[in-house]
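Please consider the following note, prepared for a reader who is new to structural description. The points below should be read alongside the model.

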Amino acid sequence: AIDTMIPLQSRALWNKHKVQKFEDAEGFDDRFIHHVETTLARSLYNCDDLAAYESTSISVRDNLVIDWNKTQQRLTARDPKRVYYLSLEFLMGRALDNALINMGSEPKPNSNGDELLGTRDMVKDSLNDLGFRLEDVLAQEPDAALGNGGLGRLAACFIDSMTTENIPAWGYGLRYEYGIFAQKIIDGYQIETPDYWLNIGNRWEIERHEIQIPVTFYGYVDRPDGDTPTTDPAQWIGGERVLAVAYDFPVPGYKTTTVNNLRLWKAKPTTEFDFAKFNTGDYKNSVDQQQRAESITACLYPNDNFAEGKELRLKQQYFWCAASLHDIIRRFKKTQRPWSEFPDQVAIQLNDTHPTLAVVELQRVLVDLEKLPWAEAWDIVNKTFAYTNHTVMQEALEKWPVSLFSRLLPRHLEIIYDINWFFLQEVEKKFPDNSELLSRISIIEEVYPERLIRMAFLAIVGSHKVNGVAELHSELIKTTIFSDFVKFYGPSKFTNVTNGITPRRWLKQANPELSKLISEAINDPKDDFLLDMTKLTKLAEFADDHGFQQRWNKVKEDNKIKLADLIKNLNNGEDIIDREHINNTLFDIQVKRIHEYKRQQMNIFGVIYRYLAIKNLLEQGASIEEVEKKFPRKVSIFGGKSAPGYYMAKLIIKLINSVADVVNSDVAIADLIKVVFIPDYNVSKAEIIIPASDLSEHISTAGTEASGTSNMKFVMNGGLIIGTVDGANVEITREIGEDNIFLFGNLSEKVEELRYNHKYRKSEMPSELKMVLNAIESGLFSPENPNEFKPLWDSIKHHGDYYLVSDDFASYLATQELVDQVFHYEKSEWIKKCILSVANVGFFSSDRCIEEYAETIWNVEPVKPE
Ligand code: PLP
């Protein structure tokens with residue numbers, strides 16, 4: 001039975017006034033105007049688009065909160081096992097449009113009774129009647145950009161799918177005041193400006209003043225009985241205390257009334273006062289110190305696939321883990337079950353190693369506070385946690401100095417040492433007298449001048465399952481960075497769950513026209529395919545249908561026009577893209593974080609090669625028409641942020657912009673090539689860019705991209721891929737067929753040998769790349785400073801070409817040539833490939849991922865609404 005504070009005799013009154021959801025246009029209008037006039041204190045005389053956005057959001061949120069409450073009550077009553085997804089990043093983007101799509105119950109007749117409308121269309125019509133355009137209203141919302149890229153967006157797709165699948169799930173993260181920085185391009189250079197996304201408040205969050213959890217740092221460990229072992233209960237007397245305040249974001253699912261919760265923590269000062277300081281008259285200083293508490297959740301660290309190792313970052317991690325665990329434990333304790341049942345009620349998924357401290361914190365709570373024996377506690381911990389690895393790249397693997405831990409988290413350090421001690425004992429038992437193995441596998445790396453804690457190793461030891469995010473990647477972690485652990489634990493602890501994306505946002509919301517065409521073609525008027533993507537296979541029947549191909553192509557063309565409009569807007573109204581030829585201009589897109597391993601440099605070198613080749617032909621007297629036959633029209637579109645301290649990535653951005661300046665203003669090439677860098681790539685821009693692609697580039701050095709998720713988004717939106725045999729590209733090929741993807745380049749098995757060759761032997765550089773590098777060195781793209789891009793060519797010519805651009809460049813160009821051929825001369829074949837790709841993309845729905853996690857890792861069941 002659910003406890004309630006309300007006396008029995010009062011409940012009838014509560015039930016009589018039960019808050020109702022709006023169900024129709026009338027209901028929405030009513031709620032909308034109510035919120036304009038009361039919550040916003042405005043009226044019809046001063047309700048602008050922003051006020052309309054706010055009022056619509058609050059009205060929609062009301063509905064979600066009603067279902068949110070019901071979901072939580074249902075779960076409290078049934079008390080099933082819950083999943084807690086711990087992620088330091090949730091790259092949510094905008095909430096309103098997604099909520100309108102997801103929360104829609106069955107479509108209802110419109111006011112004339114002549115059409116069935118889903119919630120989104122109903123609200124659209126209502127807003128229209130009230131004097132607003134839905135598009136303008138939606139555009140008011142700032143992106144919730146609390147993430148860097150793939151990892152954060154994955155977490156966002158996962159909570160969408162967990163809710164859609166009625167899995168009892170909570171997301172836990174941090175409520176950064178500043179999300180990922182906004183990128184400006186000034187003179188071709190990336191400039192970072194703060195993203196104060198809360199500037200206009202946030203209508204989606206519910207601040208929980210009543211949930212304030214104290215979190216401590218620094219201090220010392222107290223042992224009442226002198227020198228008892230560290231595995232016995234001890235008391236940590238913290239030196240600094242802050243409070244974690246909960247902010248809740250309701251997460252709607254598609255075609256379900258389940259609404260899950262994303263709980264983000266904000267740090268704030270305690271109300272305790274440092275009287276010692278106060279008494280010495282240092283009032284100002286004592287307030288300042290309190291103020292610093294807020295810095296813990298001020299800012300998202302803007303690195304993707306790179307561990308920076310700053311003290312504040314570790315503080316963020318502990319703050320978040322401690323608060324989240326406290327909350328999870330409080331919820332568990334309400335049921336009065338014994339501790340042994342904790343793993344039957346709680347599954348905690350670690351999204352990368354960022355939340356690994358939760359493993360240590362749970363062990364601390366169980367041993368120090370709950371007084372469980374060490375081994376019993378450790379058994380509970382181990383059964384509770386599972387860890388997702390996202391990378392094999394050394395620079396991205398978190399390692400924290402022991403000295404930092406001993407200052408910031410002294411008790412946790414002791415516990416880590418003990419975890420390691422017990423672990424190494426087991427290793428020693430299984431593999432006696434192998435000191436090399438012990439030092440390789442130890443959680444502590446003994447390096448001069450500073451010992452380091454290997455967080456990935458701690459996560460493995462503390463978890464019952466470890467998964468990679470695509471088949472190739474999951475195999476790679478077993479044979480490289482974690483091979484010793486496979487030897488010790490056996491292979492069954494390691495598994496694969498290939499990433500996925502939510503088709504609600506990335507198909508229905510981002511590409512409403514394609515979604516509509518699909519639902520018509522497969523005769524699925526209620527869009528059930530968004531829940532069961534195997535229904536898409538029916539599309540294959542239309543792959544050769546000329547009329548259908550034309551409709552398909554028209555959708556693509558319209559989406560390309562929308563992207564051209566966005567680019568025009570970003571370019572102060574100047575059109576870069578030739579509208580007249582938009583249908584036969586190939587949109588070649590690479591949008592993702594800028595990283596040497598993702599090889600945007602290879603893409604722009606390819607553009608330079610094309611430009612030089614065109615110029616050569618023209619110089620030899622060829623006409624533009626003749627040149628166009630060999631190098632048909634193409635727009636190369638780039639977007640993505642570099643980490644602020646990543647020099648080479650920033651230089652790549654500058655090179656792209658410099659090439660754009662030269663190529664776009666060269667009238668001699670008559671618009672055959674255009675180069676565009678779209679500033680400030682984020683989720684909202686992705687929703688416009690991805691549906692407009694003919695071809696997208698996923699060209700990482702083999703073995704470096706764990707999965708990639710934008711590759712799946714591009715395919716789901718009817719674009720083809722040029723890519724390396726890396727990450728999820730491999731499985732995309734398996735699903736859609738090798739005829740429908742343009743693969744090239746060396747395989748991951750060859751990478752080590754190729755790197756060795758660069759280091760110790762002479763490797764030959766292809767002539768095309770020589771030509772490109774010569775042009776850059778000549779100052780063609782930086783006449784004032786011919787050496788500007790020296791580090792880029794040096795990295796290839798003199799520093800071992802770690803990312804193997806010279807090894808893959810020739811096959812990259814050859815494959816691009818094939819792309820041109822099919823797009824321009826076999827258009828019907830091209831469209832057929834696109835249709836077949838979408839028909840077989842179903843595997844990459846994040847619903848499938850969540851089912852796999854639920855079954856093979858979490859052991860949780862859905863709890864469906866009655
Ligand atoms: N950034 C944003 C805004 C995204 O929407 C995505 C989507 O997948 C990514 C980054 C990840 O891209 P990729 O998988 O190409 O690294």
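1. Strand β17 and strand β18 (residues 452-454) pair in the antiparallel sense over 2 bridges; strands pair if DSSP finds at least two bridges between them. I444 stands opposite I453 in β18. Helices (H or I, at least four residues) and strands (E, at least two) are DSSP runs, numbered from the N terminus.

2. This is a predicted model, in which local features need pLDDT of at least 70 and side-chain atom pairs count only at pLDDT 80 or more, while totals for chains, interfaces and linings use all residues. Residues are numbered from 1 along each chain as its sequence is written, and side-chain values use heavy atoms, leaving out hydrogens and water.

3. The open sheet has 3 strands in the order β16-β18-β17, with antiparallel pairing. Its edge strands, β16 (399-401) and β17 (444-445), each pair on one side only.

4. The structure holds 37 aromatic pairs, where rings of Phe, Tyr and Trp (its six-membered ring) pair if their centres lie within 6.5 Å; planes under 30 degrees apart count as stacked, over 60 as edge-to-face and the rest as tilted. The rings of F332 and F342 have centres 4.9 Å apart and planes at 85 degrees, so this pair is edge-to-face. Both F332 and F342 are buried (under 20% relative accessible area; exposed is over 50%, partly exposed in between, with a 1.4 Å probe and protein chains only).

5. The rings of Y802 and Y803 are also edge-to-face, with centres 5.1 Å apart and planes at 85 degrees. Y802 is partly exposed at 48% relative accessible area, whereas Y803 is buried at 12%.
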